[in-house]
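Subject: Structure handover

Hello,

Here is the structure I promised you. Please open it alongside these notes.

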Amino acid sequence: MKYIEENIWLCLIVIIFTLFQSIFLFLLDVNPSLILLSGTMYLLLLGIYLAVGYHMEAKKKKEIEDLVDNLDEKYVIAELIKKPKNIKNQGYYYALKKACKSMNDKISELEQKYQDYEEFIESFVHEIKTPLAALSLYSDNQNDQELKQEIKKMDNLVEEILFYARSEKPEKDYFVKQIKLSEIIHQVMMQNKDFFLKNKIKIKTQNLDIFVATDEKWIIFIINQIINNAIKYLDKQEKIIEMKGYEEKNKVILEIKDNGCGINESDLPRVFDKGFTGSNRTKEHSTGFGLYLCKKLCRKLNLNIEIESKEKEYTIVKLVFPNSSLHTRK
Amino acid sequence: MTIVIIEDDKKLRQELKILLENNNYKVTIIEDFKEAVVDQIKNIDKDLILLDINLPNQNGFDICKKIKEQESVPIIFVTSSRKEEDELKSIISGGEDFITKPYNKDILLEKIKRTIKQKNPIQYKEIKVKDVTLDLHLSIVKYQDKSVELTRNEFLLLYYFFTHPKKIITKEELLDYLWNEKYYLDDNILTVNINRLRKKLEEINQPDFIKTIRKQGYKIE
């Protein structure tokens, strides 16, 4: 119908012309059946023209739509479609070309800006680590535990910045290798040793001699975030953090359990959301970024992260390492 | 043991020096980065080098390569970069190990200890203190004709005592050591373990082998 509407002038002209010709021929006393025949011929021709035209236009439309649907980056479409012969379509074509070009320019501008930003973050983090290292050693030498804890917090935040910037990066910048869970956990333990000892947190480890294939630094960051999160909500007299590894259906699972205050059932689905700090867990400062970032990094590393909790009793975070063909038990 | 520190941040190298000296290492620091570092350290007595990657006028990887051409002193890279490629470069240029800032004191000390140990392996089969023998292969402790088997953490504890005889060993020191060995104990569990160890020593007629020094720690002699 739309198509007839578009060609309305042609239709009207043909119909009017047919009408006039019929009247003219009638006045010339031509046989009415002949007039009827010629009139029908004209209208039939118009009908065929419209039908064929519609069919071709529809086909072209479908072609363009399919082309776009099959593209990953839709904005390159302007480079792929042929320049139309139709004058009106040439206008659209021109508009499309210009729009895509300006968008591409905008994208590369943003990409450049983002890259600059990321480089800045990298170098900033890099630079700030030297004074942090000096301070950290100073606190060790002075045996100032309080200062040391504060420096540790700063270092964690700085790491968060770095990994956030990295997680936004489109390309991969990690390096997967075989590593034992116990080695990974050991590094996290050593980083938090003073805090654990000072706060009398019991550490239980079980069955960590399993190999997984992952990026060492990223996974350490992720586990560190999980542990730091767990530490914040330990509220019992006897504080326990348990880590255990096991294999299940071609997967290796690392379970980190704390006996802290747990998470409200209604909050549970939201803990991985950006900026979520809990509806009633307002104590301790938190950026609300920790677990969100963990989830994001896990997705990049192809890991699954799951959380289970019973309020007032415990929280379990599970890291699921897929694909066992690479994993071998020692 | 002498350690050479090559680090351009003044505060950092001072604190490193204090830390290492507190842990009974001799320390030499390089302060002049206008001259080539390689020439400066040529004639210094050293067992290990801590080397920063980003230095003014020169680069840690090149320094490492040049040093390795001349002598086989172990080198640990210290850096604030966390990039894989730097880690890779440090291995290619011949570095023994790699640690990132801000370093954890315990990890740094442990890495230093391990690196030096690797270069100078000393293989004992057993250690003897006051006629009590610790068998390192079978993890048993013997006195006269009696012997008793030890669990892994009892063995580790006793090993530490045997390798530091006549010294007062604090609980913190023992905890540091055990954590490095992947035993994440707390104060109370450590006491429990020491008591268990004493019971075992009682079986071989050495109940007072580990002495408690009030408010300080433990000692064997």
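**The interface**

Chain B and chain A bury about 3,200 Å² between them, with 59% of it on carbon and sulfur atoms. Buried area here is the accessible area (1.4 Å probe) that two parts lose on being put together, summed over both.

Before the rest, the ground rules. This is a predicted model: local features need pLDDT of at least 70, side-chain atom pairs count only at pLDDT 80 or more, and totals for chains, interfaces and linings use all residues. Residues are numbered from 1 along each chain as its sequence is written, chains are lettered from A and ligands numbered from 1 in the order in which they are written, and side-chain values use heavy atoms, with hydrogens and water left out.

The contact (heavy atoms within 4.5 Å) takes 32 residues from chain B and 33 residues from chain A. Four salt bridges are counted between chain B and chain A. The criterion is a side-chain nitrogen of Lys or Arg within 4 Å of a carboxyl oxygen of Asp or Glu. A:K193 and B:D176 meet through their side chains in a salt bridge, at 2.1 Å, N to O.

On chain B, helix 1 (10–22), helix 4 (84–92), helix 5 (105–119) and helix 7 (171–180) each supply at least two residues of the side that touches chain A. Helices (H or I, at least four residues) and strands (E, at least two) are DSSP runs, numbered from the N terminus. Helix 1 of chain B gives the largest share of that side, seven residues. The residues on the side of chain B that touches chain A are 12 nonpolar, seven polar and 13 charged. Nonpolar means Ala, Val, Leu, Ile, Met, Phe, Trp, Tyr, Cys and Pro; charged means Asp, Glu, Lys and Arg; the others, Gly among them, are polar.

**The sheet in chain B**

Four strands of chain B form an open sheet, order 8-9-10-11, with antiparallel pairing. Two strands pair if DSSP finds at least two bridges between them. Strand 8 (126–129) and strand 11 (146–149) of chain B stand at the edges with a single partner strand each, so one side of each has no neighbour in the sheet. Four bridges join strand 8 of chain B to strand 9 (residues 132–135) of chain B. B:E126 has B:D135 in strand 9 of chain B as its bridge partner.

**Salt bridges overall**

The whole structure holds 35 salt bridges over all chains. One of them joins the side chains of A:D66 and A:K62 (3.1 Å, N to O). These residues, A:D66 and A:K62, are four apart in helix 3 (residues 32–69) of chain A, which means that about one helical turn separates them.

Best wishes
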